Amino acid sequence: MKRAGFTLAEVLITLGIIGIVAALTLPTLVQNYHKSVVEKKLYTSYNILQNMIRLSALDNGDPQYWELENWDHEIFDKYFAPYLKVIQKCEKQTDDDPYCDTTVKSLNGNPSSISSTKYILNNGIGILFRPGGTIGDTQRRGMFRVDILTGPKERIIGRNVFPFNLIVDENGYSITSTEDYSKTVNFCSEIEKNRNGVINDCKNGSTSAGYSYGIHCTALIECNNWKIPDDYPTHF
């Protein structure tokens, strides 16, 4: 009985087609994977910070009365560190320890300064805090930077480093990318009204009174249900 089979030419053509399809789809699959990792780590970090503030408030009272004016790590050690699973405290940046790197840039390459003390959690995420009193009519009392990157790669705000504001007033407290507690309900609609400006702010690393440097990058994701929007100004 004669058995039907594939010729060598047919096999090669099929493999060639598979290779072309893989070459076209693999970059998209890789990018989507990286995006999903960023989204998951960012949302996890947000929940960690929210829970940290909640637990600290139980022990230390209303955050409205916390002493957040100092510019050293004592603030973090008192109000935040006890409620996090910290495995390493980086008080001095060293070349041989990429986890302690605090050098960050905006999406357009501009450098940005931050407190030198960085706290590494057991999940590999790094957290820095910079105190900041109220500016104008805002209630921002400080800014956290979440470093979701582990390893010796370049740290970019809006790509692997994301700021969060600590908002405190007589109405309550929150970790968010807005600057005013009273606006936490509706601020995403305000972001949408000025979407092009917010995207440019994220891309350029610019800021305004009451906002943390690069905060609009976080806002674009927070206001999209913690998913990176299609018009986000960088690839992952």
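**Cysteine links and a sheet**

User: Is Cys90 buried or exposed?
Analyst: Cys90 is buried, at 2% relative accessible area (buried is under 20%, exposed over 50%, partly exposed in between, with a 1.4 Å probe and protein chains only). This is a predicted model, where local features need pLDDT of at least 70 and side-chain atom pairs 80 or more, while totals for chains, interfaces and linings use all residues. Residues are numbered from 1 along each chain as its sequence is written, and side-chain values use heavy atoms, without hydrogens and water.

User: What is Cys90 joined to?
Analyst: Cys100, through a disulfide with S to S at 2.0 Å (the cut-off for the sulfur pair is within 2.5 Å). The link is left-handed, with -70 degrees about the S-S bond. Cys90 sits in strand S1 and Cys100 in the loop between S1 and strand S2, 10 residues apart (strands are DSSP E runs of at least two residues, helices H or I runs of at least four, numbered from the N terminus). Cys100 is buried too, at 5%.

User: How many disulfides does the whole structure have?
Analyst: The search finds 3. Another one joins Cys202 to Cys217, and its torsion of about 105 degrees makes it right-handed. Cys202 lies in helix H4 and Cys217 in helix H5, so parts 15 residues apart in sequence are tied together.

User: Switching to the sheet: what's the strand order?
Analyst: S1-S4-S5-S6-S8-S9, an open sheet with antiparallel pairing (two strands pair if DSSP finds at least two bridges between them).

User: Which strands stand at the edges?
Analyst: S1 and S9; each has a single partner strand, so one side of each has no neighbour in the sheet.
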